[in-house]
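User: Please take a close look at one part of this model, the surroundings of the first ligand. Describe what lines that site and what lies behind it.

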Amino acid sequence: REQVSGSGIYGFGKTGGRVPVGIGRRRLRIVVTGGAGFVGSHLVDKLIERGDDVIVIDNFFTGRKDNLVHHLGNPRFELIRHDVVEPILLEVDQIYHLACPASPVHYKYNPVKTIISFFQFLTTFHKTNVMGTLNMLGLAKRIGARFLLTSTSEVYGDPLEHPQKETYWGNVNPIGERSCYDEGKRTAETLTMDYHRGAEVEVRIARIFNTYGPRMCLDDGRVVSNFVAQAIRKQPLTVYGDGKQTRSFQYVSDLVNGLVALMEGEHVGPFNLGNPGEFTMLELAQVVKETIDPSATIEFRPNTADDPHKRKPDISKAKSLLNWEPKISLREGLPLMVSEFQKRILNEDEGKGY
Ligand code: NAD
Ligand code: UDP
Ligand code: UDP
């Protein structure tokens, strides 16, 4: 197999690769499920840029081909329209398993572009988390690939520990409106560890905290995309509840670096990947105003059920074992997504869609 520049030492093989090859390193074949989505497409950019072969599997449920259009035609890139709920046969070194529609709770309250019912969405969601994860683990087992699951800070529920460490088991309502996301990802983590212990699959688990950046879905109702789009459209910023709940926002390139460090490292995890900078939603609205439009107004709306009151990662484990920490603060990161959002909103306004 061809060598690429870089300092890593990998090859095709049973353990996801660890074959020393001298100064260069073997070119890897990597699958990214959900690679047409927000995080996935940035990850694909990084993997292609460093010289590896990438296969994206996506059913375009919440992702868009536009996010990958710059790779179409590149012989090292392949895009497969496929639902991970169905089995698939591939030969690869590594599997980044991101496929999962964004939290259904967002769609419930922001059904702008959702053409299926909320219940249909829920069943699709469960199937993706359980059957999709099972299929990707079965694939990893058969070919001896290394498997990385993108789990979520939502596994901590409405946390009683603050900040949250990986050792915290969480405070999740199993029958609540947002529980299918929390419990779906908890099940996916359980499956991942079962395959690790029972079938010796090499696995990695990332617990991702709120992430933002260019290519975020415009209509999934997440707070950063909502506020940024609202400020651009000259609409009031919608703050849910009293706006005193907190989140910690991570810029997407920091996350991508963390995912790659985790995949290449020697530790299973789980690892929190997030930026510990904690903001109330009112503070976030203020930063968005300062960044985009100081004259923007704020409108209060009722909050969603079971909304976590606070969330902030303890990242000491990732710092010490992966030598990773985020570099981009909210004030630095927000301006980096504005022009891309402006472009898409303008396209929409002109009726081109995207
Ligand atoms: P996204 O919706 O932009 O991307 C998910 C991708 O998965 C989409 O391209 C979608 O079409 C695809 N997909 C969904 N179901 C599929 C299926 N059954 N088969 C094939 N493809 C399917 O979301 P994102 O924000 O990029 O999230 C990526 C991953 O990171 C997800 O697993 C998500 O749970 C996790 N995560 C994200 C955040 C965040 O703040 N963005 C936070 C925590 C966890
Ligand atoms: N699977 C897959 N691709 C493969 C190997 C397995 O999609 O290359 C799927 C397979 O169809 C099954 C799941 O992964 O639904 C779990 O596979 P495993 O071999 O662990 O379990 P089994 O097939 O024995 O139930
Ligand atoms: N939120 C808000 N206005 C919005 C969208 C969300 O105030 O337009 C709040 C939401 O109630 C929650 C926080 O922002 O308290 C983060 O919401 P998001 O859906 O982005 O992420 P998650 O709840 O999954 O952490």
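**The shell around ligand 1**

Helix 1 supplies the largest share of the shell around ligand 1, namely three residues. This is a predicted model, and what follows should be read as such.

The shell around ligand 1 counts 30 residues, and those that come nearest are G34, G37, V39, T62 and G63. Two or more residues each are given by helix 1 (38-49), strand 4 (53-58), helix 3 (118-143) and strand 7 (146-152). Sorted by class, the shell around ligand 1 holds 15 nonpolar, 13 polar and two charged residues.

The buried residues of helix 1 are F38, V39, G40, S41, H42, L43, V44 and L47. An α-helix has 3.6 residues a turn, so residues three or four places apart point the same way. The cover over the buried residues of helix 1 includes strand 3 (29-33), strand 4, strand 6 (94-97), strand 9 (211-212) and helix 6. Just after helix 1, G51 takes a positive phi of about 105°.

In helix 6, V252, D254, L255, V256, G258, L259, L262 and M263 are buried.

For comparison, another ligand site can be set beside this one. Ligand 3 is surrounded by 16 residues, the closest being R222, V223, N226, T238 and Y240. Helix 5 and strand 10 (237-240) each give two or more residues to the shell around ligand 3, and strand 10 gives the most, with three residues. That shell divides into four nonpolar, nine polar and three charged residues.

Helix 5 (residues 223-232) also packs against another helix: its axis and that of helix 10 (residues 335-349) come within 10 Å and cross at roughly 65°. The crossing is right-handed. V228, A229 and I232 in helix 5 meet M337, V338, F341, Q342 and I345 in helix 10. The residues of this contact are seven nonpolar, one polar and no charged.

Methods
Residues numbered from 1 in each chain as written. Chains lettered and ligands numbered in written order. Predicted model: local features only at pLDDT ≥ 70, side-chain atom pairs only at ≥ 80, totals over all residues. Near = placed C-beta within 6 Å. Helix = DSSP H or I, 4+ residues; strand = E, 2+ residues; numbered from the N terminus. Nonpolar A, V, L, I, M, F, W, Y, C, P; charged D, E, K, R; others polar. Axes fitted to C-alpha atoms, helices over the stretch in contact; angles between N-to-C directions. Left-handed = near helix turned anticlockwise from the far one by under 90°. Contact = placed C-beta atoms within 7 Å. Buried ≥ 20, exposed ≤ 12 C-beta atoms within 10 Å, placed from the backbone.
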